[in-house]
Amino acid sequence: MIANVVHISLNARGGGERLAVATIRALAAMGIDVELVTLEKPEAVSIRDAYGTSIDRDVKRIRTLSLSQIAGTKSHGVTINTHGDMLPFFRHNFAKNNAITYCHYPIAGQLIDSGDSSYYNILQNMNLSTTTPKCRSMYFEIARDACNKMMTNSTVLTNSEFSRKAIFKTHGVDSTVLHPPVDVDTFRNAALSSDARDDSILVISRFHPSKKIENAIHFAKLLRQNELGSRMNIVGNISPDGASYFNYLRHLVRCYGLEDFIRFEVNASFDRLLGLMRISKAYFHPLPGEPFGISTVEAMSAGVIPIVPDTGGHTEFVPAKYQFHTFDQAVEAVAAALDAPASERIQISYFTQKYSTANYIRGFQKIVAEVSDIGKKPLEQTPVISMPKRFPESMAS
């Protein structure tokens, strides 16, 4: 039996790509041949360095995805779209027993309906040769139709109850929550027992306007006024379209006179990230409405107390006393986090075990066995695969 795993590109090496790699390994462990359908050939060395595992043995064939293929005729075997939040992909024989869509959050439909230019530029990579207004309109219509049919005619998985409700509101489709894989053991083993923590606050995010990192800088100004915290370290990668935004953030820091309080760690190594987790007491998440929050789980695994907005998927696992609606509430939460005893850090860390890669693989295999007949091995005989992470996935997602 063949399984087609569809993903825009594994080369971004973020949280969504970790989920795709874990899915490939889960299918291969069930004795299923995997065909990867993607926009660009995977950079095997980079992927191995990022996740500590290779997909070379598990992927039997790689096929390039083009514009004409997002709404094609038929597929063979089962199709798993691990990028269903951004990539509309539909075949006319799709049904809930032969197609699985993992949708992190229903953003594709919103971007298509708004005619978002940046989203259009991403999809242009699918061999779109012209950008005339007529062609642009036609393509968005194809994408919209494919997105609606994909969500309706497949088994839809998502990362949180927050996202499940958004999917139902957007598409009228009920979905199943399967939490994404996070390498909680690596963070826990590397940082939980650290005795080098100071009053520093950690922020992890890709430098992109959509991440609202300016909220962290506004908040840092308030921390300074309340004489809380020794430093804020903002760690992340810069995407090609994020340079001007990063310059804006640096300008904001200068305007607030926070040069000695905020430090930017750009394109930091994974070892550097672990080092910052060892010394940090609090983690601040600047984006309200985060669908899940992989970086939040990573921080918790390392024993760093999370301070998060009171809307989004992370409200389902972050203690209520560390959620905020206003910055004044966040200040109180940070004060509590800086004073938190080691026992509370340990409790928070081990609470994240349910989000491990091993649990994702087991959960995904169970769903595949339930919705289709492609499983060749009983689940109890299927090995659980551990995938140690060496790349800060939350910095790229």
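Student: Why are α8 and α12 called roughly perpendicular to each other?

Tutor: The axes of helix α8 (residues 214-225) and helix α12 (residues 327-338) cross at roughly 65 degrees and come within 10 Å. Angles under 35 degrees count as roughly parallel, over 145 as roughly antiparallel, 65 to 115 as roughly perpendicular, and the rest as oblique. α8 and α12 are therefore roughly perpendicular. The axes are lines fitted to C-alpha atoms, for helices over the stretch in contact, and angles run from 0 to 180 degrees between N-to-C directions. Bear in mind that this is a predicted model, where local features need pLDDT of at least 70 and side-chain atom pairs count only at pLDDT 80 or more, while totals for chains, interfaces and linings use all residues. Residues are numbered from 1 along each chain as its sequence is written, and side-chain values use heavy atoms, leaving out hydrogens and water.

Student: What makes a residue part of the meeting between α8 and α12?

Tutor: Contact means heavy atoms within 4.5 Å. N215, H218, F219, L222 and L223 of α8 meet F327, D328, A330, V331 and V334 of α12. By class, this contact has seven nonpolar, two polar and one charged residues. Here Ala, Val, Leu, Ile, Met, Phe, Trp, Tyr, Cys and Pro count as nonpolar, Asp, Glu, Lys and Arg as charged, and the others, Gly among them, as polar.

Student: Is the crossing of α8 and α12 left-handed or right-handed?

Tutor: The crossing of α8 and α12 is right-handed. A crossing is right-handed if the near helix is turned clockwise from the far one by less than a right angle, and left-handed if anticlockwise.

Student: Why are α1 and α14 called oblique to each other?

Tutor: Their axes cross at roughly 55 degrees and come within 9 Å. With that angle, α1 and α14 are therefore oblique to each other. Their crossing is right-handed. The contact is made by R18, L19, A22, T23, A26, L27 and A29 of α1 together with T357, Y360, I361, F364, Q365 and V368 of α14. Nine nonpolar, three polar and one charged residues make up this contact by class.

Student: Which strands does α1 lie across?

Tutor: Helix α1 (residues 15-29) lies across β1 (2-6), β2, β3, β5 (78-81) and β7 (99-102), at about 155 degrees to β2. Helix α14 (residues 357-371) packs on the sheet too, touching β5, β7, β8 (155-158) and β9, with its direction at about 145 degrees to that of β7. These names come from DSSP runs, helices being H or I of at least four residues and strands E of at least two, numbered from the N terminus.

Student: What is the order of the open sheet of seven strands?

Tutor: The order is β3-β2-β1-β5-β7-β8-β9, with parallel pairing. β3 (59-64) and β9 (176-177) are the edge strands, as each pairs on one side only. Two strands pair if DSSP finds at least two bridges between them.

Student: Why is K212 called partly exposed?

Tutor: K212 has a relative accessible area of 37%, so the class is partly exposed. K212 lies in the loop between β10 and α8 and has a positive phi of about 55 degrees, although it is not a glycine. Most residues other than glycine have a negative phi.

Student: What makes N267 count as partly exposed?

Tutor: N267 has 48% relative accessibility, so N267 belongs to the partly exposed class. N267 sits in the loop between β12 (262-266) and α10 (270-279), and its phi is near 55 degrees, a positive value.

Conventions: Buried means under 20% relative accessible area, exposed over 50%, partly exposed in between (1.4 Å probe, protein chains only).
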